[in-house]
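Morning, everyone. Please have the sequence and the model open while I talk.

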Amino acid sequence: GNSRHPSAARILVEIAVIYIFLAKFVGVILLCMFHVGIDLYSNVVAIGGTVFISGVLVTLQVQNTVANLIPIAFSNPFYVGEIISLSGPGQRPANNPKEAVVGHVEAFTWTHVVIRDFKKRPVFVPHSEFHRLVV
């Protein structure tokens with residue numbers, strides 16, 4: 001069978017890989033500083049502060065992305081290639097083209113889902129909108 005939301009899971013894995021890469025990068029920088037002769041112990045506040053602030057900035061950048069991706073990845077409302085209908089709560093699906101979208105899921109990106117409607121027009125739906133839509 002077709003695995004549901006391979007894209008959502010892949011994006012979450014990519015984010016984890018970026019964090020691991022950044023941790024390794026910081027380790028390599030510290031190792032290089034040590035080999036060049038910089039006293040890491042006496043500069044621990046400056047180095048620690050820089051690493052901490054960088055980590056906080058990266059975390060703030062991906063926080064909303066992760067918060068929006070996790071519910072989609074675990075609820076399995078659709079998968080790439082499937083034909084879906086999105087509408088607001090209480091509305092009939094595809095009742096009004098301005099209030100609903102019907103089409104096939106073309107792509108799942110870090111920030112949005114691309115749905116191609118039957119007139120071949122792409123519709124970009126941000127992940128943050130899925131909590132208020134009925135699939």
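First, the ground rules. This is a predicted model, where local features need pLDDT of at least 70, side-chain atom pairs count only at pLDDT 80 or more, and totals for chains, interfaces and linings use all residues. Residues are numbered from 1 along each chain as its sequence is written, and side-chain values use heavy atoms, with hydrogens and water left out.

Now the strands. Helices (H or I, at least four residues) and strands (E, at least two) are DSSP runs, numbered from the N terminus. Two strands pair if DSSP finds at least two bridges between them. Strand E1 covers residues 83-87, and strand E2 covers residues 100-108. They pair in the antiparallel sense, over five bridges. Look at Ser 87: it stands opposite Ala 100 in E2. Next comes strand E3, residues 112-117. E2 and E3 also run antiparallel, joined by five bridges. Gly 103 has Asp 117 in E3 as its bridge partner. How many residues does the hairpin from E2 to E3 pass through? Three.

On to charges. Side chains of opposite charge can pair when their charged atoms come close. Here a salt bridge is a side-chain nitrogen of Lys or Arg within 4 Å of a carboxyl oxygen of Asp or Glu. By this rule there are two salt bridges. One joins Arg 116 and Glu 106, at 2.6 Å from N to O. That pair links distant parts of the chain: Arg 116 is in strand E3, Glu 106 is in strand E2, and they are ten residues apart. Asp 117 makes a salt bridge with Arg 121, with the closest N and O atoms 3.1 Å apart.

Are these side chains buried or exposed? Buried means under 20% relative accessible area, exposed means over 50%, and partly exposed is in between (1.4 Å probe, protein chains only). Asp 117 has 12% relative accessibility, so it counts as buried. Arg 116 is partly exposed at 21%. Glu 106 is partly exposed too, at 34%.

Find Lys 120 next. Lys 120 sits in the loop between E3 and strand E4 (122-126). Its phi is near 70°, a positive value in a residue other than glycine. Most residues other than glycine have a negative phi. Lys 120 is exposed, because its relative accessible area is 65%.

Now helix H1, residues 6-36. Ser 7 is in this helix, and at 9% relative accessibility it counts as buried. Which distances separate Ser 7 and Phe 108? They are 101 residues apart in sequence and 5.7 Å apart in space, C-alpha to C-alpha.

Leu 22 is also found in H1. Leu 22 is partly exposed, with a relative accessible area of 30%.

Last stop, the largest pocket. A pocket is an open set of points on a 1 Å grid over the protein atoms alone, where a 1.4 Å probe fits, with protein on both sides within 12 Å along at least five of seven lines; lining residues have an atom within 4 Å of a point. The largest pocket holds about 290 Å³ of space. It is lined by 14 residues, and those closest to its centre are Leu 22, Val 26, Thr 50, Val 51 and Ser 54. H1 and helix H2 (44-75) each supply at least two lining residues. H1 gives the largest share, eight residues.

Conventions. Grid points are joined across faces, edges and corners, and a volume is the space filled by probe spheres set on the points.
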